[in-house]
Amino acid sequence: GSKIMIGHSASPDGNHYEILRMLSNINPEYSIFLPLVYGDKEYSNLIKIEAQKRFKKLEILEDKLDSNSYYQKLSEVGWAIINVKVQQGLGNIMGLIWMGAKVFLDENASTYKDFHSWGIKIFSIQKELNKEGLSNKLTVDEVENNRRIIQEKLNEKTVSEYWIQILY
């Protein structure tokens, strides 16, 4: 894909303003995809206004899509920036990684820490969200390695064993 996805919902936890500001300072010509289906409608309206001020190439998703259509939309994403400080948007993050998107997360978030420690090629908003970071994509080998790690760490057997250890 060739779009930059910002966030996964219309929640103030997504810190959209910070990312919109950063991206418009890097290059206001980026093609932005902004999913705002879930969350706070008032916040959604504020984010839309801010994004429309800063970017000409802007797609805002406000209506819920069926799963197949949504994942088809995610396949248009080359870079995703999920700027949450806590674990959120894991389904989106895993789907984007699986499809080969370059995913940027807050390096203090547990999702970033876990994925990074597992060896998944994930990127830091604080250190790598810049013109260079947004000018290239993952290699085929990096995408395949990310998929292998996801299959190894998050398969049904491994997840079941994890829950059994917690519950017993």
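How do strand 1 and strand 4 pair, in the parallel or the antiparallel sense, and over how many bridges? Strand 1 and strand 4 pair in the parallel sense, over four bridges.

## About the model

This is a predicted model, in which local features need pLDDT of at least 70 and side-chain atom pairs count only at pLDDT 80 or more, while totals for chains, interfaces and linings use all residues. Residues are numbered from 1 along each chain as its sequence is written, and side-chain values use heavy atoms, with hydrogens and water left out.

## The sheet

Six strands form an open sheet in the order 3-2-1-4-5-6, with parallel pairing; strands (E, at least two residues) and helices (H or I, at least four residues) are DSSP runs numbered from the N terminus, and two strands pair if DSSP finds at least two bridges between them. The edges of this sheet are strand 3 (58-61) and strand 6 (123-124), each of which pairs on one side only.

Strand 5 (residues 102-105) is in turn joined to strand 6 by two bridges, where Leu105 stands opposite Ser124. Six of the six residues of strand 4 are buried (under 20% relative accessible area, with a 1.4 Å probe and protein chains only), so strand 4 is largely enclosed by the rest of the structure.

## The nonpolar cores

In soluble globular proteins, nonpolar side chains tend to be buried together. A nonpolar core is here a set of buried Ala, Val, Leu, Ile, Met, Phe, Trp, Tyr and Cys residues joined through side-chain atoms within 4.5 Å. The largest such core has 23 residues, and those with the most contacts inside it are Ile4, Leu23, Ile81, Phe104, Leu129 and Leu134. Two or more residues of this core come from each of strand 1 (3-6), helix 1 (16-26), strand 2 (32-35), helix 2 (41-54) and strand 4 (77-82). Apart from this core lies another, of 22 residues, among them Leu74, Ile82, Val84 and Leu96.

Not counting residues up to four places away in sequence, Ile81 touches several residues (contact means heavy atoms within 4.5 Å), including Ile4, Leu23, Phe104 and Leu129.

## Helices in contact

The axes of helix 4 (residues 90-99) and helix 7 (residues 140-153) come within 8 Å and cross at roughly 135 degrees, where axes are lines fitted to C-alpha atoms, for helices over the stretch in contact, and angles run from 0 to 180 degrees between N-to-C directions. Helix 4 contributes Met94, Ile97, Trp98 and Met99 to the contact, and helix 7 contributes Val143, Asn146, Arg147, Ile150 and Gln151.

Helix 1 lies across strand 1, strand 2 and strand 4, and runs at about 150 degrees to strand 1.

## Two single residues

Lys73 is found in helix 3 (residues 67-74) and is buried, with a relative accessible area of 17%. Not counting residues up to four places away in sequence, Lys73 touches Lys3, Phe33, Glu59 and Leu65.

Most residues other than glycine have a negative phi. Asn15, in the loop between strand 1 and helix 1, has a positive phi of about 50 degrees although it is not a glycine. At 25% relative accessibility, Asn15 counts as partly exposed, a class that lies between buried and exposed (over 50%).
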